[in-house]
Amino acid sequence: TVGDANYQFSKEGDWYVFKGFTADGQGVKLNAGSWDVNRGGEFVAANEAIAISQDGPDMMVAAGTYDVYMNAATDTAYFMEPGQTPAN
């Protein structure tokens, strides 16, 4: 939800991280507080890199709980199993 304080990313090194995101199988996009800056891509499976781009497609993330990692410099995102990181 755009601007919702419950969906704020924190900065961890090169990553923006949101832990405990619950997906319901619907389309997901990552944004910077408005739709002016939003990233989408193609979700394939948990723990796999997603190439994201401005105004990219909604990511149809499988229902479940994830730790979301996004690197804005490389336009890469991951929906990781809780406790896992992109380095694992």
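Predicted model: local features only at pLDDT ≥ 70, side-chain atom pairs only at ≥ 80, totals over all residues.
How many aromatic pairs does a search of the whole structure find? The search finds eight. Here, rings of Phe, Tyr and Trp (its six-membered ring) pair if their centres lie within 6.5 Å; planes under 30 degrees apart count as stacked, over 60 as edge-to-face and the rest as tilted.

Residues are numbered from 1 along each chain as its sequence is written, and side-chain values use heavy atoms, leaving out hydrogens and water.

Here are two of the pairs:

| Pair | Geometry | Centre to centre | Between the planes |
|---|---|---|---|
| Trp15 and Tyr69 | edge-to-face | 6.0 Å | 85° |
| Phe43 and Tyr66 | edge-to-face | 6.2 Å | 75° |

Trp15 sits in strand β2 and Tyr69 in strand β9, so their pair ties together parts 54 residues apart in sequence. Strands (E, at least two residues) are DSSP runs, numbered from the N terminus. Tyr69 is buried at 4% relative accessibility, where buried means under 20% relative accessible area, exposed over 50% and partly exposed in between (1.4 Å probe, protein chains only).

In the other pair, Phe43 belongs to the loop between β5 (38-40) and β6 (50-51), while Tyr66 is in strand β9, 23 residues apart. Phe43 is buried at 12% relative accessible area, and Tyr66 is buried at 7% relative accessibility.

Terms used: Helix = DSSP H or I, 4+ residues; strand = E, 2+ residues; numbered from the N terminus.
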